[in-house]
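Reader: I've got a model open and a few labels I'd like to pick apart. Can you walk me through them?

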Amino acid sequence: MSTADSAVVTAAATLSKEELLRDYRLGWESRQASLTGRKEVFMGKAKFGIFGDGKELPQLAMARAFRPGDWRAGYYRDQTFMLAIGELSLQQYFAQLYAHADVEAEPSTAGRAMNGHFGTRILDEDGQFRNLADLKNSSADISPTGGQMPRLVGLAYASKLFRQNPELQQLTQFSRNGDEVAFGTIGNASTSEGMFFEAINAAGVLQIPMLVSVWDDHYGISVPAEYQTTKQSISEILAGFQRNAPGEQGFEIFVVKGWDYAALVDTYQRAAEVCRREHVPVLIHVTEVTQPQGHSTSGSHERYKTKDRLSWEQEHDCLRQLRLWLLQEGHATEVELDLIESEARETVRQARAAAWEAFFNPIKQERDEVVQLLNALAGETGRENELHELIHQLEHNPTPVRADSVRAVRRALRLVRDVKRSGARAELRRWHEQALADNADRYNSHLHSQSEESALQIEEIKAQFAADAAQVDGREVLQACFDAMLQRDPRVFAIGEDVGRIGDVNQAFAGLQDKYGELRVTDTGIRECTIIGQGIGAALRGLRPITEIQYLDYLLYAIQILSDDLACLQYRTKGGQKAPLIVRTRGHRLEGIWHSGSPIQMILGAIRGMHLCVPRDMTQAAGMYNLLLKSDEPAIVIECLNGYRLKERIPQNIGEFTVPLGVPEVLREGSDLTIVTYGSMCRIVLDAAKQLEQVGISVEVVDVQTLLPFDREGVILESIQKTSRVLFADEDVPGGATAYMLQQVVDEQGGYRYLDSQPRCLAAQAHRPPYGSDGDYFSKPNAEDVFDVVYEMLQEADPQRFPSIY
């Protein structure tokens with residue numbers, strides 16, 4: 001562990017006076033932006049504010065070590081860093097504070113994330129990767145504390161792959177020989193999160209160029225370090241990660257004070273050099289950091305900090321200390337520094353004014369246009385009395401938002417709904433229609449890719465089978481598919497627990513590590529959260545990872561990062577970033593409480609923005625993998641856990657055929673009732689359909705194949721129009737995915753119009769299945785359960801033909 005001392009530093013001594021004063025200016029501009037931002041919130045011009053004041057000097061030092069091609073995965077205190085690397089302007093900073101829903105004005109999130117959430121636009125207007133090796137890159141921030149850490153592992157891991165895999169050397173758009181460092185930032189309190197420790201351990205095992213800065217201001221909102229961290233020092237408790245000598249596995253750990261500019265500059269230069277050159281992970285514990293305005297605009301830090309602490313923070317404010325150092329070293333005069341501070345205030349004032357004008361003027365113009373339309377409507381229809389108050393409230397609102405105008409228009413149209421012929425009413429309806437479309441683009445677009453590589457745009461290629469194709473285990477179909485993927489595209493790699501040497505627990509990667517090497521088919525530790533993060537970061541950098549979660553039950557460890565980071569990535573950047581990660585897992589039926597999971601309801605609610613594939617067999621799964629690797633979107637593929645030893649045929653075009661997403665397949669035609677299902681239930685339902693045929697009931701069986709998206713072509717609706725009855729069946733808990741499917745068909749598709757019987761759902765019991773075959777039978781739907789429910793539905797329609805069984 002290295003403790004920096006400004007008395008022995010050298011890097012800062014090489015900086016010119018111009019460079020030193022530039023940093024002083026940037027520091028004060030950032031501080032003034034924080035102070036001004038807080039005032040804007042209290043004036044009601046922004047909803048919430050969280051700022052980076054007190055962290056200016058460490059971030060200026062970090063920016064000096066940040067090169068083109070490098071990446072950041074940070075959090076909401078990093079405004080000074082983003083300003084210093086030139087990827088954030090002060091006007092953009094305030095545009096985000098105001099939630100300006102315009103990607104030109106606010107390129108990080110287009111107003112979709114609260115202030116302090118930064119990211120660079122790594123995609124061009126067509127959704128294609130830019131030349132990332134020449135850019136200073138920041139992955140898009142998320143609010144959950146510690147949530148940046150799993151992704152950080154992947155961003156650094158990509159550098160290792162680019163350096164060590166010769167097949168990737170030609171991808172100079174993404175990397176220059178893996179020389180890129182992934183810089184991470186985190187607050188001291190957030191290092192208490194399990195994701196932090198998991199990521200630190202993963203980086204130490206992988207030996208990747210990951211440089212983590214901990215901004216230690218002693219608090220996590222109001223909770224001091226003694227309640228957060230053992231020994232109140234993250235560097236002390238991680239000391240065992242420190243490598244003892246060059247070449248050994250481990251970390252380099254540095255400790256430096258957050259107000260000591262010279263020591264900070266030197267520390268970051270030394271740390272980044274070893275990280276970049278040797279691919280050794282680094283932790284920089286930046287201590288004695290202050291937070292002049294407290295945590296956020298939600299409260300005052302005077303409520304929980306002592307007078308002594310507040311006095312100490314004022315004395316050790318990093319900008320105050322930098323001023324003293326510049327004067328002491330003779331780098332500037334009082335007059336020069338006073339002028340810089342004055343100019344910083346004016347620069348921020350102008351940026352704030354420009355951002356507010358750019359944000360507010362279009363809204364005001366829309367409001368004024370609506371007022372004119374409403375006045376015209378009142379005059380033409382003679383409804384002045386009814387519309388007067390509506391118009392008056394809108395016209396005299398000093399700070400309207402777009403919702404105010406749309407709300408007024410909707411209420412006005414409601415008041416004149418009985419007017420048959422009115423040009424003013426027609427004009428208002430046209431305005432309303434256009435406003436809804438414009439605001440859908442502002443606030444609802446880009447949940448999924450809108451590029452030509454969208455998964456929904458990929459051409460379907462049918463599987464082709466030789467007439468004499470042999471029946472093989474289902475796992476062999478997947479093995480052939482993965483072999484073809486790895487052979488075709490050097491960007492593809494697979495990681496996960498037991499994926500490497502033994503070829504995964506079900507042997508779908510058997511022999512592929514020997515064939516393609518450990519960098520392509522790789523074992524990991526038991527760490528689901530950072531397995532996913534490893535994939536997210538690598539996918540952001542242009543690679544095509546397949547990350548495996550061994551059993552669907554264990555997806556719980558990773559669901560937070562899938563939901564908060566990956567699933568909403570395209571949305572929260574409005575198409576500025578993408579990470580086409582494929583998550584491979586297996587579930588449904590096997591043995592016991594933790595190996596028979598089918599928590600589809602949880603997954604459906606958590607991963608909107610990803611695709612959810614639920615193939616019934618390994619051939620279908622292979623076609624989905626092929627399609628997903630041609631697309632630029634993330635997805636989860638849930639293979640049937642009890643299907644790896646069932647016999648299937650390997651298609652002749654195993655590496656090319658595709659299964660389209662959102663297109664159900666009719667597995668069996670029938671006329672009396674439609675059963676909608678997926679996954680392992682397909683075999684059970686088909687068995688039940690044969691039994692039902694013996695008593696004169698004709699069942700049509702539909703496999704949805706994917707739940708997200710769901711039946712884009714109305715296949716199920718067409719079936720219901722024929723049969724007039726529907727049963728939704730799966731292995732999730734009651735009210736889970738069966739209820740979702742029912743809502744999609746009956747509500748979204750309007751299937752209720754064609755039903756002669758109440759739609760029914762058949763799910764598993766509300767508990768997880770116990771161990772053993774009997775536990776499975778009595779806990780999850782079986783063929784007899786399907787038979788009985790269908791029979792009851794037909795008995796209700798024709799009791800004489802179908803008398804009671806029990």
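Reader: Which residues line the largest cavity?
Author: Keep in mind that this is a predicted model. The lining is made up of N188, T191, D216, A225, T229, Q232, S233, I234 and H285. Sorted by class, that gives two nonpolar, six polar and one charged residues.

Reader: What makes it a cavity and not a pocket?
Author: A cavity is a set of points where a 1.4 Å probe fits but cannot get out, while a pocket is an open set. The largest cavity has a volume of about 40 Å³, and the count of cavities of 30 Å³ or more comes to three.

Reader: Why is S213 called buried?
Author: Buried means under 20% relative accessible area. S213 has 0% relative accessibility, so S213 counts as buried. This residue sits in strand 5, residues 210-215. Beyond its neighbours within four places in sequence, S213 is in contact with M62, G184, T185, I186, Y268 and I284.

Reader: What makes strand 14 mostly covered?
Author: Six of its six residues, 582-587, are buried. I582, R584 and R586 point one way, V583, T585 and G587 the other way, and all are buried. In general, side chains in a regular strand alternate between the two faces of the sheet.

Reader: How do you know that strand 14 pairs with strand 13 and strand 16?
Author: Pairing takes at least two bridges between the strands. Strand 13 (residues 544-548) and strand 14 have three, in the parallel sense, with T547 partnered by V583. Strand 14 and strand 16 (residues 635-640) have six, also parallel, and there R586 is partnered by E639. Both therefore count as pairs, given the cut-off of at least two bridges.

Technical notes. Residues numbered from 1 in each chain as written. Predicted model: local features only at pLDDT ≥ 70, side-chain atom pairs only at ≥ 80, totals over all residues. Heavy atoms only, no water. 1 Å grid on protein atoms, 1.4 Å probe; cavity = no way out; pocket = protein on both sides within 12 Å on 5 of 7 lines; lining within 4 Å. Points joined across faces, edges and corners; volume = space filled by probe spheres on them. Nonpolar A, V, L, I, M, F, W, Y, C, P; charged D, E, K, R; others polar. Helix = DSSP H or I, 4+ residues; strand = E, 2+ residues; numbered from the N terminus. Buried < 20%, exposed > 50% of the residue type's maximum accessible area, 1.4 Å probe, protein only. Contact = heavy atoms within 4.5 Å.
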